[in-house]
Amino acid sequence: TPYSNVTSNQSGKNFTGTAAGGTPDSPQNNAVSLSTFDNQHQVTLETPDGINILDYRAMDNPDSENSPDSVEFSYGFFEFTVEGIEPGGATTATLQFPAGASYDTYYKYGPTRDNTSNHWYEFKYDGQTGAEINGSQIILHFVDGQRGDDDLVANGVVTDIGGPGVSATVTPSGDESPAAESSGSGGGGCFIGSINYGGWFGGSF
């Protein structure tokens, strides 16, 4: 991946590559902390014990020209890969946003079984897969190889690109009043987070 050779430094210890690189005192890598793409908010990503977070980053809109109409993605987007799932099995990944964070939907950008080209689709929880929104916390439910897993293969690995959004609202008068235009330009940069051991570090390129 384009961000697998970035080195972050914490307390004199150098970590090169992804979260899977770990630290000497970390038996598992299931909690990371990173800044949103605009560096305005701190977000944590956590998976169950035994499910390791590999590559991860906050990113700009991957396809701004085709973004869903009247949805504001004020927290940007997140890309990550997790492993350690039983092939074909289920797991979760929890995004924790700052208190008071506001959103009512979650969109993913990637392939699905009925459309293998990268495209936008809403990823609300349907009882099996999707985003379950609980205040400032979003629990992403995955089934390996099914909706939401970008590789579409039951191989014990789930890859995700997506982000929370605020959908259009309707005023009491009945006039439609979109919360905001869709996310801005589709710059290609990224922000690299670090393992969550009391803080976050990273760099851009």
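Which residue in the turn of the hairpin formed by S11 and S12 has a positive phi? In this predicted model, in which local features need pLDDT of at least 70, side-chain atom pairs count only at pLDDT 80 or more, and totals for chains, interfaces and linings use all residues, that residue is Gly135, with a phi of about 65°, and two residues lie between the two strands. Residues are numbered from 1 along each chain as its sequence is written, and side-chain values use heavy atoms, with hydrogens and water left out.

Helices (H or I, at least four residues) and strands (E, at least two) are DSSP runs, numbered from the N terminus. Strand S11 (residues 130–134) pairs with S12 in the antiparallel sense over five bridges, where two strands count as paired if DSSP finds at least two bridges between them. Within this pairing, Ala131 has Leu140 in S12 as its bridge partner.

A nonpolar core is taken here as a set of buried Ala, Val, Leu, Ile, Met, Phe, Trp, Tyr and Cys residues joined through side-chain atoms within 4.5 Å, and buried means under 20% relative accessible area, exposed over 50%, and partly exposed in between (1.4 Å probe, protein chains only). The largest such core has 27 residues, and those with the most contacts inside it are Phe80, Leu95, Phe97, Ile138 and Leu140. Two or more residues are given to this core by each of strand S3 (31–35), strand S4 (42–46), S5, strand S7 (77–83), strand S8 (90–96), S12 and S13. A second, separate core consists of eight residues, including Val71, Phe73, Trp120 and Ile161. In soluble globular proteins, nonpolar side chains tend to be buried together.

The surroundings of Phe80 can be listed through its contacts, a contact being heavy atoms within 4.5 Å. When neighbours within four places in sequence are left aside, Phe80 is in contact with Leu45, Asp55, Tyr56, Ala93, Leu140, Phe142, Val158, Thr159 and Asp160. Gly84, in the loop between S7 and S8, is in contact with Gly50, Ile51 and Gly156 when its neighbours within four places in sequence are likewise left aside. The C-alpha atoms of Gly84 and Val157 are 6.9 Å apart in space, although these residues are 73 apart in sequence.

Charged side chains were examined next. A search of the whole structure finds five salt bridges, each defined as a side-chain nitrogen of Lys or Arg within 4 Å of a carboxyl oxygen of Asp or Glu. One of them joins the side chains of Asp160 and Lys108 (3.0 Å, N to O). Because Asp160 lies in strand S13 and Lys108 in strand S9 (residues 105–112), this pair ties together parts that are 52 residues apart in sequence. Asp160 counts as buried at 0% relative accessibility, and Lys108 likewise counts as buried at 0%.

In another salt bridge, the side chains of Lys124 and Glu122 meet at 3.8 Å, N to O; Lys124 is partly exposed at 43% relative accessibility, and Glu122 is partly exposed at 34%. Arg147, which is partly exposed with a relative accessible area of 25%, forms a salt bridge with Asp126, the closest N and O atoms being 3.5 Å apart. Arg147 lies in the loop between S12 and S13 and Asp126 in the loop between strand S10 (115–122) and S11, so this pair ties together parts that are 21 residues apart in sequence. Salt bridges that share partners also join Lys108, Asp150 and Asp160 into one network.

Asn61 is found in the loop between S5 and S6 and is buried, with a relative accessible area of 1%. Its side chain makes a polar contact with the side chain of Ser67 (2.7 Å), a polar contact being a pair of N or O atoms within 3.5 Å, where within protein one must be able to donate a hydrogen and the other to accept it, and residues adjacent in sequence count only if both atoms are side-chain atoms. The side chain of Asn61 also reaches the backbone nitrogen of Asp63 at 2.9 Å.

Most residues other than glycine have a negative phi. Ser70, in the loop between strand S5 (52–59) and strand S6 (71–72), is not a glycine, yet has a positive phi of about 60°; Ser70 is partly exposed at 26% relative accessibility. Leu152, likewise not a glycine, has a positive phi of about 55°, lies in the loop between strand S12 (137–143) and strand S13 (157–167), and is buried, with a relative accessible area of 18%.
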